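Please read the sequence and the model together. A short report on selected features is set out after them.

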Amino acid sequence: MNLYKSFFKRAIDIAGSGLGLLILSPIIGVTAVWLHFANKGAGAFFTQERPGKNGKIFKVVKFKTMTDETDENGVPLPDIQRLTKVGKIVRSTSIDELPQLWNVFKGDMSLIGPRPLLVKYLSRYTPQQARRHEVRPGITGWAQVNGRNNISWEKKFDLDVYYVDNVSFALDCKVILSTLKKVLFREDISKEGRATTTEFFGTEEINDDNKIH
């Protein structure tokens, strides 16, 4: 039995997120005020339903880095146009992820684990890719420190499943140290030419007869 995975990991999550919320509260507070004005009335936070462990839906909370501006037809402008200068700074420094410490403290998430993605992706995963939901999603994870937004969805999910199969204190320490390096050097924040990552539409599987289904 993996005691770290079944007990100690959650204990570290509670202690780490609680301490993080306490120590980082000034940064969280200042950022909230800053974004309130930069987002032109759109607010400083947003919540969105995401699948957690075993696919259970929860509401993730993040800093809002884009405005709610629309075109003349009421359609939201492209992400790159709605992303504010302040939002770019908040995203590039990963400060936008800090409110998720509350999700970790509540038990929706873990400090380390596969990133919680969109609910609509649930039906698009292959059975192997869906295994990423066997653990709590994380603020950062193995895929985030091995390419983040600059690798394919398929590679991300391979890395997620690797993490699920190899959860350990040593691996989590490696992810934390690598995350600090990524944040300091602002690596792999987004794909070149895009404000956000591309949508995942599913993976084509090939069966034994070499037929795509």
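The sections below take up a surface patch, a hairpin, a helix and some loop residues.

## Basis of the values

This is a predicted model, in which local features need pLDDT of at least 70 and side-chain atom pairs count only at pLDDT 80 or more, while totals for chains, interfaces and linings use all residues. Residues are numbered from 1 along each chain as its sequence is written, and side-chain values use heavy atoms, with hydrogens and water left out.

Helices (H or I, at least four residues) and strands (E, at least two) are DSSP runs, numbered from the N terminus. Buried stands for under 20% relative accessible area, exposed for over 50%, and partly exposed for values in between (1.4 Å probe, protein chains only).

## Nonpolar patch

A nonpolar patch on the surface is formed by Leu3, Phe7, Phe8, Ile12 and Phe169, which together have about 510 Å² of accessible area. Accessible areas come from the Shrake-Rupley method with a 1.4 Å probe, and for residues only the protein chains shown count as cover. Patches are made of residues with over 30% relative accessible area and no salt bridge; like charges are joined within 9 Å, and nonpolar side chains (Val, Leu, Ile, Met, Phe, Trp, Tyr) within 5 Å. A salt bridge is a side-chain nitrogen of Lys or Arg within 4 Å of a carboxyl oxygen of Asp or Glu.

Helix α1 (residues 3-38) gives the most to this patch, with 4 residues. Ile12 lies in α1 and is partly exposed, at a relative accessible area of 36%.

Pro51 stands opposite Ile57 in β2. Of the 7 residues of β2, 5 are buried, so the strand is largely enclosed by the rest of the structure.

The two strands form a hairpin with 5 residues between them. Asn54, in the loop between β1 and β2, has a positive phi near 60° although it is not a glycine. Asn54 is exposed, with a relative accessible area of 66%.

## Helix α5

Helix α5 (residues 153-165) has 13 residues and should span 18 Å at 1.5 Å a residue; its end C-alpha atoms are 19 Å apart, which agrees. The expected span is 1.5 Å times one less than the number of residues.

Buried residues of α5 are Trp153, Lys156, Phe157, Leu159, Asp160, Val161, Tyr163 and Val164. They pack against α1, β3 (110-112) and α6 (169-185). Asp160 has a relative accessible area of 4%. Leaving aside neighbours within four places in sequence, Asp160 is in contact (heavy atoms within 4.5 Å) with Pro114, Arg132 and Ala143.

## Two further loop residues

Gln144 is placed in the loop between β4 (138-140) and α5. Gln144 is buried, with a relative accessible area of 15%, and touches Gly113, Arg115 and Lys182, not counting residues up to four places away in sequence.

Lys40 is in the loop between α1 and β1. Lys40 is exposed, with a relative accessible area of 62%, and has a positive phi of about 55° although it is not a glycine.

How values were computed:
Pairing = 2+ DSSP bridges.
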